[in-house]
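Reader: I like labels to be backed by values. Can we go through a few of them together?

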Amino acid sequence: MRKQPWLKYTLICITIALAAICITLGYNTYIKTNLNLENNMVTHFIDVGQGDCILIQVNNKNLLIDSGTTDSRKKLIKYLKKNNIKKLDYVVATHPHEDHIGGMASVIKAFDIGMFYAPKATATSESFVDMILALRSKSIKINISAPTISLDLGPSTSCVMLSPNSTTYENVNNYSCVIKVSYKSSTYLFMGDAEELVEHELIKNGYDLKAQVLKVGHHGSKTSSSQEFLNIVSPEISIISCGFYNTYGHPNKGTLAKLKKTNSIVHRTDLDKDIVLISDGLKIKKN
């Protein structure tokens with residue numbers, strides 16, 4: 001039986017729509033590699049679903065902040081290896097929630113680790129136990145993250161922890177290690193899952209919070225990103241790491257509205273997948 005022209009057209013439209021959905025849902029396996037590291041700082045906001053994972057490369061040094069979810073660990077290891085990572089000079093677990101340390105045991109096993117940092121907060125999750133066992137198996141010490149600790153990322157670069165500022169937070173999110181990184185004139189602020197309580201602490205302590213790039217706290221949740229805080233940071237670019245159609249409703253519409261009010265360009269891993277920013281010390285561009 002001969003197919004009608006309208007039926008052929010319909011089938012073509014369905015095929016195109018399915019392909020678009022697959023790409024949107026993350027079935028696209030493209031990984032950004034072979035980036036220009038010469039005289040640049042390259043910051044990768046790796047798509048790990050509903051979680052956080054950031055790789056910073058500068059001066060032949062590598063800093064990994066968090067490791068995403070357990071489900072994304074294979075993708076993370078593949079991403080790091082595709083970018084020729086053999087050693088991570090510094091690894092920071094911002095706080096012990098699964099969406100931030102789910103892939104940490106795999107990272108520790110797969111790569112040479114220089115120094116490892118985490119807050120003085122524990123968990124009973126399988127991810128946390130696996131991370132501790134992996135660290136012990138390689139005799140890696142846990143350095144407690146705390147304000148004013150500096151990580152040596154080489155010349156023209158500053159990397160300073162600003163938080164946690166307390167050891168008695170009720171909410172584990174607030175133990176998040178907040179980190180500010182500067183490369184020449186380029187500035188970045190990484191908030192982990194720190195909420196408004198921590199934002200107010202940072203303001204009260206008089207830290208220089210102004211940054212061109214903000215890794216938005218707690219996946220764009222309504223519990224973070226107060227307008228006062230955003231006005232002080234005044235980010236030109238804001239990165240939200242969250243999963244596609246996640247059950248938490250991240251990012252919150254109110255948070256997006258506040259970022260818009262701040263005139264910040266927003267990039268999201270649920271929509272953009274892996275996000276890579278390259279700075280020559282003056283200008284920051286999205287790869």
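Predicted model: local features only at pLDDT ≥ 70, side-chain atom pairs only at ≥ 80, totals over all residues.

Reader: Okay, so why is T43 called buried?

Author: T43 has a relative accessibility of 0%, which is under 20%, so T43 counts as buried. T43 sits in strand β1.

Reader: What is T43 in contact with, leaving aside its neighbours within four places in sequence?

Author: The contacts are I54, L55, I56, Y188, F190, I275, V276 and L277. Take I275: T43 and I275 are 232 residues apart along the chain, yet their C-alpha atoms are separated by 8.3 Å.

Reader: On to helix α2. Which of its residues are buried?

Author: In α2, residues 73-82, they are L76, I77, Y79 and L80. These residues cover an arc of only 160° around the axis, which puts them on the same side of α2.

Reader: What do the buried residues of α2 pack against?

Author: Their partners are the strands β1 (41-45), β2 (54-58), β3 (61-65) and β13 (275-279), plus helix α4 (104-110). Just after α2, N84 takes a positive phi of about 60°.

Reader: Now the rings. What makes the pair of Y169 and Y175 edge-to-face?

Author: There are four aromatic pairs in the structure. For Y169 and Y175, the centres are 5.1 Å apart, within the 6.5 Å limit, and the planes are at 85°, over the 60 degrees needed, so the pair is edge-to-face. Y169 is buried at 9% relative accessibility, and Y175 is buried at 10%.

Reader: And how do you know that F244 and Y245 form an edge-to-face pair?

Author: By the same test: their ring centres are 4.8 Å apart and their planes are at 85°, so this pair is edge-to-face too. F244 has a relative accessible area of 28%, between the two cut-offs, so F244 is partly exposed. Y245 has 74%, over 50%, so Y245 is exposed. Elsewhere, ring pairs link F45, Y188 and F190 into a cluster.

Note on methods:
Residues numbered from 1 in each chain as written. Heavy atoms only, no water. Buried < 20%, exposed > 50% of the residue type's maximum accessible area, 1.4 Å probe, protein only. Helix = DSSP H or I, 4+ residues; strand = E, 2+ residues; numbered from the N terminus. Arc of directions from axis to C-beta. Contact = heavy atoms within 4.5 Å. Phe/Tyr/Trp six-rings, centres within 6.5 Å; stacked < 30°, edge-to-face > 60°.
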